[in-house]
Amino acid sequence: MTVPTVSTPPMPETPLQRLRWSLADAWTVTGRDLAHWVRQPATLVLNLLFMVMVVLMFGYLFGGAMTVPGGGSYREFLMPGMFALSMLFGVEATMVAVTTDAARGVTDRFRAMPMARSAVVAGRGVADMLNSGLGLAVLLACGLLVGWRWYGSAADTLAAVGLLLWLRFALVWVGIYLGLLVRNPEAVVAVQILVWPLGFLSNAIAPTATMPGWLGAVAEWNPLSATISATRELFGNPGWGGVSWADQHALLLAVVWPLLILAVFLPLAVHRWQRLSR
Amino acid sequence: MATLPVLAEGLRKRYGPENALDGFDLAVPEGSVCGLLGPNGAGKTTAVRILATLLRPDGGQARVAGFDVVRQAAQVRYRIGLLGQHAAVDEVLGGRQNLVLFGRLHHLGAVAAGRRADELLERFGLGEVGGKLVKQYSGGMRRRLDLAASLILAPPVLFLDEPTTGLDPRGRNEVWEAVRALVAGGTTVLLTTQYLDEADQLADRISVIDHGRVIAEGSPDQLKSRLGGDRIDVVVHRADQLAATAAILGRAAGSGAEAEADPDTRRVSVPVRDRVAALTEAAWALRDAGVAVEDVALRRPTLDEVFLHLTGHPTETADERPQEVTA
């Protein structure tokens, strides 16, 4: 008398086989998130529409009262800020997914299974990048509808999109780290609230030159501002090229800031992940 | 005895000043169900998490299905199923989708994973709801899906960590039935529970755990006879009749045990040997003595009484647990 059996796949032995398993597992975990989109399209659509709503709010409700230093359309000034803000808001999505899985015991189930442990995190990252990529595409289309355009070369435009996704990639690890750190879904609300001032304390919505001196300096050095200035420059949108060092070197900072975030949060996230066994 | 499916020797695990496990020993023979019984914070979950390779022990060693849980964790994971305290399934996916996902992560091919999912859905009576979102499942259905998901590779060893906590009686019965069927098929099961009746229903052997170590071990019958089996509770109307009632119940019990009287609740309680004879005898004697009785109940010992009896201290939750170890 035995339980009806199933032929058990052999364990990987060579490093190459192990790598293939890790990649296959990561893709399966990613596929799980894509299946969520199909099974619950309303959540996906609402998330996409949320950023569109923010654009319309700032573009049309407050936009009339805004002037861009050096002239130019406020909505063209605004859109790069919105793109970067949507990358920042992605931290919440990552965090919610990580804490929900941990709280429901799904993470433990994965860890007790003969799958590649790295795949849980890698799959999360790929799924979030796809999600943010889709969100960015919708936002770009929304920008075109409200009168935003890019004026740079195709290479510059692609570079700008690349910089935005590079920021998101770094923030994936912030989300995973925080998600593993807080462990209960209620604490996510605190982060959701903190993300707003963090996002607004930048040049996303208003030029830093219009802020009180010290606040402007903080906003100028916000990693988000670097990406926004750099993308304004690459898209050829108004509002870039201030006199400060940070403004002058926006392109460099837009590459370096996410690298620094990665350097800090990637090891932290891995460490947290390993600490689950302690 | 190297072939014991679950073998733990002197496991230790500390969390800060707290000893979650303090010399935990356990041996589960093949094809049996071992119930790990204890209050919150006794170390049940820590023990299961170590055995299921989720947690590294600070000391001691454990082998599951013949493999060391620390050094050969990958081999262990091939041979175990784990049912944690929550139904660890994806609520935004369908039941079948969940099983296919977990099948793929066990490296079954797409076709084999699909076939296995259908087999398991059928087996756990979920065939008709396989396409529905898990969100719409009842608690019992979720738990059965959870159980199916931990059986993808038909593991020889299954860990169930409080499998029926939070379920209604119907859901609890559904899970019990499913576990019994598995055991009939030869799976070795380690089950943790806070409920004496659950261990009673499912387990061949029970290990009682307190403060991170096993303090008593035996078949459910052996443990219960150590406690004096069933009890009669009598609540009297007048507190001044407590002493007389205790004397009457002591004689009627036939177990040689003394009745305990609690003046606050006006309740007298005594373990009995022969349930029916003792109850009849007590009822007659109480009426003859003119005791005004408010309530009479014949009941099984509670986990609290098991603990009081075995450890000399009542059950505590993890938060209220004192630092000193009394056992």
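Two residues are in contact if their C-beta atoms, placed from the backbone, lie within 7 Å. The legends below describe a predicted model.

Figure 1. What does Phe159(B) touch, leaving aside its neighbours within four places in sequence? Its contacts are Val48(B), Leu51(B), Ala52(B), Ile80(B), Leu82(B), Leu83(B) and Leu190(B).

**Figure 2. Chain B as a whole, with its two assigned domains.** Domain 1 of chain B covers residues 6-224, and domain 2 covers 230-299. The C-alpha centres of these two domains are 41 Å apart. Chain B holds 11 helices and 14 strands. Along the principal axes, its C-alpha atoms fill a box of roughly 75 × 45 × 35 Å. Of the 327 residues in chain B, 47% are buried. Take the contacts in chain B between residues at least 6 apart in sequence: 67% of them join residues at least 24 apart.

**Figure 3. An open sheet of four strands in chain B.** The strand order is β12-β13-β11-β14, and the pairing is antiparallel. Which strands lie at the edges? They are β12 (260-262) and β14 (293-299) of chain B, each of which pairs on one side only. Neighbouring strands of the sheet are turned by 15° against each other on average, direction ignored. Helix α9 (residues 242-253) of chain B packs on this sheet. The helix touches β11, β12 and β13 of chain B. Its direction makes about 15° with that of β13(B).

**Figure 4. Strand β11 of chain B and its two pairings, with β13(B) and with β14(B).** Strand β11 spans residues 231-236 of chain B, and strand β13 spans residues 267-271. How many bridges join β11 and β13 of chain B? There are five, in the antiparallel sense. Within this pairing, Val234(B) stands opposite Val268(B). Ile232(B) faces Val270(B) in β13(B). The pairing of β11(B) with β14(B) is also antiparallel and runs over six bridges. Here Val236(B) has Val293(B) in β14(B) as its bridge partner. Strands of a sheet pair through backbone hydrogen bonds, either parallel or antiparallel.

**Figure 5. Gly38(B) in the loop between β3 and α1 of chain B.** The loop runs between β3 (33-37) and α1 (44-51). Is Gly38(B) buried or exposed? Gly38(B) counts as buried because it has 25 C-beta neighbours inside 10 Å, and the cut-off for a buried residue is 20 or more. Not counting residues up to four places away in sequence, Gly38(B) touches Lys44(B), Val208(B), Ile209(B) and Asp210(B). Gly38(B) and Ile215(B) are 177 residues apart along the chain, yet their C-alpha atoms are separated by 10.0 Å.

Figure 6. Most residues other than glycine have a negative phi. Ala154(B) lies in the loop between α5 (139-149) and β7 (157-161) of chain B. With 20 other C-beta atoms within 10 Å, Ala154(B) is buried. Where is Glu162(B) found? Its place is the loop between β7 and α6 (169-184) of chain B. Glu162(B) is buried too, as 21 other C-beta atoms lie within 10 Å.

**Figure 7. The contact between chain A and chain B.** How many residues does each chain bring to the contact? Chain A gives 29 residues and chain B gives 34 residues. On the side of chain A that touches chain B, α1 (15-39) and α4 (106-111) of chain A each supply at least two residues. The largest share, seven residues, comes from α1(A). By type, this side of chain A divides into 13 nonpolar, eight polar and eight charged residues.

Technical notes: Residues numbered from 1 in each chain as written. Chains lettered and ligands numbered in written order. Predicted model: local features only at pLDDT ≥ 70, side-chain atom pairs only at ≥ 80, totals over all residues. Nonpolar A, V, L, I, M, F, W, Y, C, P; charged D, E, K, R; others polar. Domains from an automatic or database assignment. Buried ≥ 20, exposed ≤ 12 C-beta atoms within 10 Å, placed from the backbone. Pairing = 2+ DSSP bridges. Axes fitted to C-alpha atoms, helices over the stretch in contact; angles between N-to-C directions.
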